[in-house]
Amino acid sequence: MVKKLIMIWIILFVFVVNLKYFKLEIDTTDFERNSFIGLTIDGSSSNTFPSRDSGLAIDNIICDKGATGVWDYSNWGLKIRNVSQSRTKCQINFVSKYSENILNGADPVLKEGLIPITIDSDGTVRKASLGWEWYKYEEQRWANAVILEDENQVYRDGQIIPESNIESYFVWIPRYKYKIWNMGEYEGLSENIDTTQVHQIEVVFGTDTTVDSATECRTPMLSGESGNCSIGKYMTHPAFLSFGTNGMWVGKFETGYKGANTTTEAEQNPMNETIGTPEKVIIKPNVYSWRGIQVSNAFWTSYNYKRDYNSHMMKNTEWGAVAYLQHSQYGSHESVRINNNEAYITGYAAVNEPSCGYTGVNEECNKYENIDTLGKDGTYTVNYFNSASVVASTTGNYSGVYDMSGGAWEYVMGVMLNSTNSIPCSGRDATSNSGFNGPYCNVGQTDSLKNGVSNFPTDTRYYDTYAYSTVDEEYNRKILGDATGEMGPFTDRTYGSQVRQVGSWHDDEAWFVWSWYPWFYRGARFDHGSNGGVLAFGNMYGSSLLGRSFRIVLSV
């Protein structure tokens, strides 16, 4: 963009009348009224400061006489520090926000408290300017943002944000449509899988929604529905339809338990599952993954974490949206390397690609390792800040999402409906359930529904539902886009004494929900070898188990 080279200096007292647009905070009493503020917008002078919704961002702030100017995006104002002399001048240069053409309007959406960042090749985090090229999906660089421990701390563009002041990392998944290659109509297992199904998924970003036409699919398309949807047509991914957003911010790592110093301390399921404990949420590398948690507590913890950001526990379709983007030209394309740290520490990566699946033992073809010291490398696994860990990212670099293969299995909000009243199942029985008040789906079990009322979230946007079945091989109950049925055909494979159901993509595990296990979880565990992966899915009854965690999503 060609900038016009005109600038005007505005005396401070003239500038103060525009406080409804602009907030000036000074941490010293020596800033006198004969100091000056200069303003440009895309190189042109202006005597009115832009409003928050103007589409502009700070390019840079230059102060003389040793002073420092910092833009506070949360309060939309200037902070000037270290003012020691009179007539100190600060020049504020606004620019149009950076956007990437291929996103077609699905660029990252930031709210107060979400700080845009870039990540160096050694994992160092820096505050990004919204005018910079701080993401580029065409080059597999996804947008990242953080929430700070101390939200009053303000960082200059390009300044390092220390790990000690980062509470949570998030990665932007832009809204997109994808080309359907498989309708997922599999009602059982096959003798063999079909590795020719594996391909680079075709994705087109944008804020539009596909409709019935000669070239596009109606959406959402649920199992059993009719319509113009078929192989070769594009469908807006259903993960972006529930909340009507341009995309979603996905937790970069499995949710951790703040303050846990051992893996045992991170196994927490507080008694009051309907409230949760959002103050314990931390989403960072090199922390203990929060496990041993019922689905109900994971949901309400996620829901109450950041209500202003519409935080919630990841749904099954939302997991699918990340998985398909990872397998597109905008992600790493291939199978994501497993987090094989037996201590359930986030952000780890296997040194070698596992060559066999789950056997229950630590064999040469499936090495895993207990590194119970935060941030320490092992022989077979390395921590996030070792640059070799990027093979466990969805992009093959530091900008992607981690822990989607291995670590802990991750519960998602995807549940089977009861056969009699189409209410989401609580679990298998009175001792093996999600903590939600609802029917038990196992045949012969007493219904736990109290007074006919369920305490599932009343807003159905927060969970995906699946038709009832008494077997786990009816993959045709899938939702297109959730990365389950479309990963077929499916078969049994034997690894040592273990028999696993796997799909046609990378031998990832594939167990659909059924009456015994009505809840989905994703990604597999640290010891599942080649059966673990972004496309792996399994089933469970929703109760608190050692190897089960969860992930948080923000829909802003």
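Two strands count as paired if DSSP finds at least two bridges between them. In this predicted model, strand E13 (residues 176–179) and E15 pair in the antiparallel sense over three bridges, and the bridge partner of Lys-179 in E15 is Tyr-234. Both strands belong to an open sheet of three strands, whose order is E14-E13-E15 and whose pairing is antiparallel. Strand E14 (203–205) and strand E15 (234–236) are the edge strands, since each pairs on one side only.

Helix H3 (residues 316–326) lies across E13 and E14, and it runs at about 65° to E13. The charged end of Lys-177 sits over the ring of Tyr-234, at 5.7 Å from the centre of that ring.

## The nonpolar cores

The largest nonpolar core has 120 residues, and Tyr-178 and Trp-249 are those with the most contacts inside it. Leaving aside residues up to four places away in sequence, Tyr-178 touches, among others, Val-203, Tyr-234, Met-235 and Tyr-324. A second, separate core of 16 residues includes Ile-37, Ile-80, Val-83 and Ile-92.

## Aromatic pairs

The structure holds 49 aromatic pairs. One of them joins Phe-436 and Trp-519, which are stacked with 6.1 Å from centre to centre and 20° between the planes. Phe-436 lies in the loop between strand E22 (409–416) and strand E23 (464–466), whereas Trp-519 lies in strand E26 (residues 519–522), so the pair ties together parts that are 83 residues apart in sequence. Phe-436 is buried, with a relative accessible area of 2%, and Trp-519 is also buried, at 0% relative accessibility.

Definitions and conventions
Residues are numbered from 1 along each chain as its sequence is written. This is a predicted model: local features need pLDDT of at least 70, side-chain atom pairs count only at pLDDT 80 or more; totals for chains, interfaces and linings use all residues. Side-chain values use heavy atoms; hydrogens and water are left out. A nonpolar core is a set of buried Ala, Val, Leu, Ile, Met, Phe, Trp, Tyr and Cys residues joined through side-chain atoms within 4.5 Å. Buried means under 20% relative accessible area, exposed over 50%, partly exposed in between (1.4 Å probe, protein chains only). Contact means heavy atoms within 4.5 Å. Helices (H or I, at least four residues) and strands (E, at least two) are DSSP runs, numbered from the N terminus. Axes are lines fitted to C-alpha atoms, for helices over the stretch in contact, and angles run from 0 to 180 degrees between N-to-C directions. Rings of Phe, Tyr and Trp (its six-membered ring) pair if their centres lie within 6.5 Å; planes under 30 degrees apart count as stacked, over 60 as edge-to-face and the rest as tilted. A charge sits over a ring if NZ of Lys or CZ of Arg is within 6 Å of the ring centre and within 35 degrees of the ring normal.
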